Amino acid sequence: MHTARFTLDPAFTVGEVNPRLFGSFVEHLGRCVYTGVFEPDHPTADDKGLRQDVLELVRELGVTAVRYPGGNFVSGYKWEDSVGPAEDRPRRLDLAWHSTESNRFGLSEYIDFLRKIGPQAEPMMAVNLGTRGVAEALELQEYANHTAGTALSDLRVSHGDKDPFGIKLWCLGNEMDGPWQTGHKTAEEYGRLAAETARAMRQMDPGVELVACGSSSQSMPTFAEWEATVLKETYDLVDYISLHAYYWPEDGDLDSFLASAVDMESFIDNVVATADHVGARLKSKKKINLSFDEWNVWYLPEWEARAKTFEQDDWPEAPRLLEDNYSVTDAVVFGSLLIALLRHADRVTVACLAQLVNVIAPIMTEPGGPAWRQTTFFPFAQAAQYGRGQVLDVRVDSPTYETRKYGETDLLHATAVRAEDGTVTVFAVNRSRTDALPLEVALDALGLTRVVEHSALADADPDARNTLDDPERVAPHTVDGTTLQDGTLSAALEPLSWNVIRLA
């Protein structure tokens, strides 16, 4: 196979990585919360019911901002149900996921969970703009953030939370463009409501950071027109526009699936172009950044087929929903999506992997039993650890292959991040399912002298995965033979592999 090549130079950068790029998402959906992060009867549970084995894995994963409580769930969410003594909280029907919500885990428990993850964990709270509006958003903001001396802040104190929660990052609803959303609105209706809510929330705290709902996917019939209409109403009032994208192999088309990041990068570029067009029309010097606050590999057609079999009179509590078990192939695609986010770090400054535990998640649990890492855990943890600093401009010269959805596509997908101490990490995916890919990187301008480590996630069985019975079947391994001589990095990327090459 022909050699793939690119050049790295510290004079050519994309932008600084915002730590929020390594965010995640906890929704009241399936077992993400109950028997996921929260299981009071579990042997490892702390005094607040949080699973400490899960907390350890979340810390290892390196998660920063955690979006909550949804997702589709938030469009029927009454925040008042989730505060105060747990035994007094009402049980409610959740229309989004056809389940019963006990509210045993609520706002205080969410903040406690974040604090126990560590100082890097930041709340990202969504407000309900589906069935509720401005007044309820302000009430939640006052309860959560005001110090004391008002009815709602004093109510929080009476519930045992003397210190305010300090939530700065807020989502103005969720996927309001989607007909599946409770309280779905047109772009005009949502844009006005989002603007009114944003204006009011800034009256309480001018320093809040606000995310307006963008399109639920690039394939939505209203895509781009939705963003333009919403931003026309909200441009000077919000900081971010959201993007959501999920990928799966359609009709067994693995070659296109491996190139999913082509669509993700196109989505990002198109939203940036739309936002900047609105800014130009408004003659604004402000730049709207992107919050890619839902992304993952998700076998969506399997869920849709299963959903059709549900009994309409059955409203289970914390059912097993969306518990995709990820293969090596999935992990390679997942890693490529991470590369896409890093390659756009100048404008994508928030991103949330959906979701954190059990539900299309890198961490799985068994009620009363163990927690373990899925294959997708490893690319995220490595990117969160080593993908900090300046993203270098990477323009590859790569062999290509033909895909049904995206046409001719590079076999190599790569980016590189230069840390403050001058060390560089190359993240690279080889999309070939059959052949190793020779790689050469010119590094003369960086003053690097050695390969610290070359790690790869690959397997002779591309369908290999970690399970309850075999939780350590797949893990990254060290690659030998990678060299750095006379300013040139030389490596061989295994077939169908995610690679992390650290240089000093």
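Modeller: Strands here are DSSP runs of E with at least two residues, and helices are runs of H or I with at least four, each kind numbered from the N terminus. The model is predicted.

With that numbering, the part to look at is the loop between strand 4 (65–68) and strand 5 (92–94), where Pro69 is placed. The peptide bond that leads from Tyr68 into Pro69 is cis, and its omega is near 0°. Gly71 also has its place in the loop between strand 4 and strand 5. Gly70 and Gly71 are joined by a cis peptide bond as well, with omega about 15°. Such bonds deserve a remark, because most peptide bonds are trans, and most residues other than glycine have a negative phi.

His98 sits in the loop between strand 5 and strand 6 (99–101). Although His98 is not a glycine, its phi is positive, near 50°.

Side chains of opposite charge can pair when their charged atoms come close. Arg20 and Glu122 form a salt bridge, at 2.6 Å from N to O. Arg20 belongs to the loop between strand 2 (13–16) and strand 3 (23–25), while Glu122 is in strand 7 (residues 122–127), so the bridge links distant parts of the chain, 102 residues apart. Across the whole structure, 32 salt bridges are found.

From the loops we can turn to the helices. Two packed helices are described by the angle between their axes and the distance between the axes.

Take helix 3 (residues 134–145) and helix 4 (residues 151–158): their axes are 7 Å apart and the packing angle is about 50°. Helix 3 is therefore oblique to helix 4. Their crossing is right-handed. On the helix 3 side the contact involves Glu139, Glu142, Tyr143, Ala144 and Asn145, and on the helix 4 side Ala151, Leu152, Ser153, Leu155 and Arg156. Five of these contact residues are nonpolar, two are polar and three are charged.

Next come helix 5 (residues 187–204) and helix 6 (residues 225–234), whose axes cross at roughly 30° and come within 8 Å. That angle is under 35 degrees, so helix 5 and helix 6 count as roughly parallel to each other. The crossing of helix 5 and helix 6 is right-handed. Helix 5 contributes Ala187, Glu188, Tyr190, Gly191, Arg192, Ala194 and Ala195 to the contact, and helix 6 contributes Trp226, Thr229, Val230, Glu233 and Thr234. This contact has six nonpolar residues, three polar and three charged.

A further pair is helix 8 (residues 260–281) with helix 10 (residues 328–343), packed at an angle of about 25° with axes 9 Å apart. Helix 8 and helix 10 are therefore roughly parallel to each other. The crossing of helix 8 and helix 10 is right-handed. Here Ser260, Ala261, Met264, Glu265 and Ile268 of helix 8 meet Val333, Ser336, Leu337, Ala340, Leu341 and Arg343 of helix 10. By class, seven residues of the contact of helix 8 with helix 10 are nonpolar, two polar and two charged.

Last, there is an annotation from a record. In an unreviewed UniProt entry, residues 293–497 carry the annotation "domain: Alpha-L-arabinofuranosidase C-terminal". In the model, residues 293–497 are 17% helix and 33% strand, and the end C-alpha atoms of the span lie 26 Å apart.

Methods:
Residues are numbered from 1 along each chain as its sequence is written. This is a predicted model: local features need pLDDT of at least 70, side-chain atom pairs count only at pLDDT 80 or more; totals for chains, interfaces and linings use all residues. Side-chain values use heavy atoms; hydrogens and water are left out. UniProt positions are given in the numbering used here, feature names are shortened, and annotations may be inferred rather than shown by experiment. Axes are lines fitted to C-alpha atoms, for helices over the stretch in contact, and angles run from 0 to 180 degrees between N-to-C directions. Angles under 35 degrees count as roughly parallel, over 145 as roughly antiparallel, 65 to 115 as roughly perpendicular and the rest as oblique. A crossing is left-handed if the near helix is turned anticlockwise from the far one by less than a right angle, and right-handed if clockwise. Contact means heavy atoms within 4.5 Å. Ala, Val, Leu, Ile, Met, Phe, Trp, Tyr, Cys and Pro count as nonpolar, Asp, Glu, Lys and Arg as charged, and the others, Gly among them, as polar. A salt bridge is a side-chain nitrogen of Lys or Arg within 4 Å of a carboxyl oxygen of Asp or Glu.
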